[in-house]
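Morning, everyone. Please look at the screen while I walk you through one structure.

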Amino acid sequence: MSDLKPDLTSDLDDKIIIDSSAWVHPTALLHGHISLAAQVSVWPHVVMRAEMYDIQIGARTNIQDFVMVHVGAGTSTIIGEDCSITHHVTLHGCTIGDKCLIGINATIMDGAVIGANSIVAGHSIVTEGSVFPDNSIIGGSPAKLLKSRDSGAANARNAAFYVQNAANYAEGRHRFSAAQLADIFGEGQN
């Protein structure tokens with residue numbers, strides 16, 4: 001394991017609260033007022049900046065490689081529990097409900113609200129002030145409601161995968177065992 005530690009200090013005004021069960025990759029940059037709840041994972045090259053307002057990340061949520069989380073001009077960024085914020089996503093002053101999956105390279109702008117159990121398709125752009133109800137499938141540029149479906153159970157399974165993945169990484173293991181995969185996805189599944 002590397003001796004690198006995440007950069008968690010930029011100045012005396014920072015207030016970064018990380019639950020003891022959370023895992024933050026050493027290349028992540030966290031600045032400002034940020035709170036990470038239990039079993040949150042923050043992956044390589046994530047940047048979180050909260051120069052005003054704050055960033056709150058709910059339990060068991062994963063913030064994947066190269067994600068940018070920033071506050072808006074007048075809004076905090078709040079992410080619920082059991083969410084997956086996938087690679088290269090930009091979240092800017094928005095609110096994400098519990099059990100959501102935000103697809104690769106999606107952008108969600110200031111004041112936007114994504115309801116619980118929802119999916120935002122990869123490469124979507126959710127414009128400022130957009131509000132989507134629980135159980136939404138959202139896609140496009142600008143993003144629109146494509147369908148209604150409760151994706152909460154599937155999204156929570158994906159988040160559970162990342163909780164185990166982060167525990168493995170914290171122990172220096174970069175591969176799942178067959179038993180771990182069976183626990184997450186059920187017997188006979190890969």
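Let's start with Asp14. Asp14 is found in the segment before β1 (15-18). A word on names: helices (H or I, at least four residues) and strands (E, at least two) are DSSP runs, numbered from the N terminus.

Some ground rules. This is a predicted model, where local features need pLDDT of at least 70 and side-chain atom pairs count only at pLDDT 80 or more, while totals for chains, interfaces and linings use all residues. Residues are numbered from 1 along each chain as its sequence is written, and side-chain values use heavy atoms, with hydrogens and water left out.

Back to Asp14. Which side chain of opposite charge is nearest to Asp14? Arg49, and Arg49 is 9.7 Å away. Asp14 is buried yet has no salt bridge. Buried means under 20% relative accessible area, exposed means over 50%, and partly exposed is in between (1.4 Å probe, protein chains only). For charge, Lys and Arg count as positive and Asp and Glu as negative; His and the chain ends are not counted. A salt bridge needs a side-chain nitrogen of Lys or Arg within 4 Å of a carboxyl oxygen of Asp or Glu. What does the side chain of Asp14 reach? The backbone nitrogen of Gly32, at 2.8 Å.

Gly32 takes us to the strands. Strands of a sheet pair through backbone hydrogen bonds, either parallel or antiparallel. Here, two strands pair if DSSP finds at least two bridges between them. Gly32 has Ala50 in β5 as its bridge partner. Strand β3 (residues 29-36) and strand β5 (residues 47-57) run parallel, with 7 bridges. Ile34 stands opposite Ile55 in β5. β1 also pairs with β3, in the parallel sense over 4 bridges. There, Ile17 faces Ser35 in β3 as the residue opposite.

Now β5 again. β5 pairs with strand β7 (residues 68-70), parallel, over 3 bridges. Val47 stands opposite Met68 in β7. β5 also pairs with strand β8 (residues 77-79), parallel, over 3 bridges. In β8, Ile78 is the bridge partner of Gln56.

Next, an open sheet. Its 8 strands have the order β2-β4-β6-β9-β12-β15-β18-β19, with mixed pairing. Where are the edges? At β2 (23-24) and β19 (143-148), each pairing on one side only. Within this sheet, β12 (residues 101-102) and β15 (residues 119-120) pair in the parallel sense over 2 bridges. Ile102 has Val120 as its partner in β15.

Last topic: rings. How many aromatic pairs does the structure hold? There are 7. Rings of Phe, Tyr and Trp (its six-membered ring) pair if their centres lie within 6.5 Å; planes under 30 degrees apart count as stacked, over 60 as edge-to-face and the rest as tilted. Take Trp23 and Tyr169: their centres are 5.7 Å apart and their planes at 55°, so the pair is tilted. Trp23 lies in strand β2 and Tyr169 in helix α1 (residues 152-170), so the pair ties together parts that are 146 residues apart in sequence. Trp23 is buried at 14% relative accessibility. Tyr169, at 24%, is partly exposed.

Now Trp43 and Tyr162. Their ring centres are 5.7 Å apart and their planes at 80°, so this pair is edge-to-face. Trp43 sits in the loop between β4 (41-42) and β5, and Tyr162 in helix α1, so the pair ties together parts that are 119 residues apart in sequence. Trp43 is buried at 3%. Tyr162 is buried too, at 13%. Finally, ring pairs link Trp23, Trp43, Phe161, Tyr162, Tyr169, Phe176 and Phe185 into a cluster.

Note on methods
A polar contact is a pair of N or O atoms within 3.5 Å; within protein, one must be able to donate a hydrogen and the other to accept it, and residues adjacent in sequence count only if both atoms are side-chain atoms.
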